[in-house]
Amino acid sequence: LPARLVDSLLRLLSNRIAWVLLLLLIPAMLPLAAPGYFFKAHDGSHSVSYLVEFDQAIRDGLIWPIWGPDYAVGFGYPVWLVYAPLAYFVAEIFHLLGFGLTVAVKLTWAFGFLLGAAGMYRLGRRWWGPAAGLIAALAYTYAPYHLVQIYVRGALAEFLALAWFPWVLLAFVQLWDDPRPRRAAWAALALGALMLTHSQAPVMYVP
């Protein structure tokens, strides 16, 4: 497995289109490099305050946090009983690696940009070739609704759900073309990741 991962990484690094795509994504992600955080976005403060509560629960020994201990005037509230937690698992990984809370959230936004663009590139390449994949990835990244999700709404979980959309579709397209257990497992994992990222997105997307 390590040899296969190294081989995949080397192939990615030697792919000129991947580097072109990464360079063209920089303008979309550049505001994340600015000092501070965009708390005036609709849910901007939630993106950080949820991570504060999530991190506290993790440090208290909960592997899968449900309870936000400081909400409801200190009585607590079962936030992640109804709010899908995967985006905050990603942010928590960055935070545990030593990044501050706001930087960890910003890195999660950047991860969402890269994940979504890579998935759309793979999907477009499968159907129409590398050039079309590049155009599809850029169109998906710079779609107004996509950018509104981050810089106007500040909706972290929904933004990350958008990143899973092309991967879910790609996984099921591959399963349809070649139905094998391994492809079924990948499709299930992709759909499961979407369901664990945003509670309402699968209701709209799956049909």
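A residue counts as exposed when its relative accessible area is over 50%, and as buried when that area is under 20%. Values in between make a residue partly exposed. These cut-offs are applied here to a predicted model.

Val-73 has a relative accessibility of 82%, so it counts as exposed. This residue is found in the loop between α3 and α4. Most residues other than glycine have a negative phi. Ala-72 lies in the loop between α3 and α4 as well. Ala-72 too has a positive phi of about 55° without being a glycine. With a relative accessible area of 41%, however, Ala-72 is partly exposed.

Ser-47 presents a buried case. Its place is in helix α3, which covers residues 44–59. The relative accessibility of Ser-47 is 1%, so this residue counts as buried. Neighbours within four places in sequence are left aside in what follows. Ser-47 is then in contact with Tyr-37, Tyr-88, Val-105, Trp-109, Gly-154 and Leu-156.

In soluble globular proteins, nonpolar side chains tend to be buried together. The largest nonpolar core of the model has 53 residues. Those with the most contacts inside this core are Leu-21, Leu-32, Tyr-88, Trp-109 and Leu-194. The elements that give two or more residues to the core are α2, α3, α4 (79–82), α5 (86–96), α6, α7, α9 and α10 (181–195). Helix α9 supplies the largest share, twelve residues. Leu-194 was examined for its partners, again leaving aside neighbours within four places in sequence. Leu-194 is in contact with Ala-161, Trp-164, Phe-165, Val-168, Ala-201, Pro-202 and Tyr-205.

The packing of α6 and α7 was considered next. Two packed helices are described by the angle between their axes and the distance between the axes. Helix α6 spans residues 101–128, and helix α7 spans residues 130–142. They pack at an angle of about 145°, with axes 7 Å apart. The crossing of α6 past α7 is right-handed. On the α6 side, the contact involves Phe-113, Gly-116, Ala-117, Met-120, Tyr-121, Gly-124, Arg-125 and Trp-128. On the α7 side, it involves Pro-130, Ala-132, Gly-133, Leu-134, Ala-136, Ala-137, Tyr-140 and Thr-141. The residues of this contact divide into eleven nonpolar, four polar and one charged.

Helix α7 was also checked for its length. At 1.5 Å a residue, its 13 residues should span 18 Å. The end C-alpha atoms of α7 are 18 Å apart, so the two values agree. Gly-133, Leu-134, Ala-136, Ala-137, Leu-138, Tyr-140 and Thr-141 of α7 are buried. The buried residues of α7 pack against α2 (16–29), α6, α8 (144–151) and α9 (156–177).

Two residue pairs relate sequence to space. Asp-177 is found in helix α9. Its relative accessibility is 48%, so Asp-177 counts as partly exposed. Asp-177 and Val-148 are 29 residues apart in sequence and 35 Å apart in space, C-alpha to C-alpha. Met-204 is found in helix α11, residues 201–205. At 66% relative accessibility, Met-204 counts as exposed. Met-204 and Pro-166 are 38 residues apart in sequence, and their C-alpha atoms are 14 Å apart in space.

Note on methods: Residues numbered from 1 in each chain as written. Predicted model: local features only at pLDDT ≥ 70, side-chain atom pairs only at ≥ 80, totals over all residues. Heavy atoms only, no water. Axes fitted to C-alpha atoms, helices over the stretch in contact; angles between N-to-C directions. Helix = DSSP H or I, 4+ residues; strand = E, 2+ residues; numbered from the N terminus. Left-handed = near helix turned anticlockwise from the far one by under 90°. Contact = heavy atoms within 4.5 Å. Nonpolar A, V, L, I, M, F, W, Y, C, P; charged D, E, K, R; others polar. Expected span 1.5 Å × (residues − 1). Buried < 20%, exposed > 50% of the residue type's maximum accessible area, 1.4 Å probe, protein only. Core = buried A, V, L, I, M, F, W, Y, C linked by side-chain atoms within 4.5 Å.
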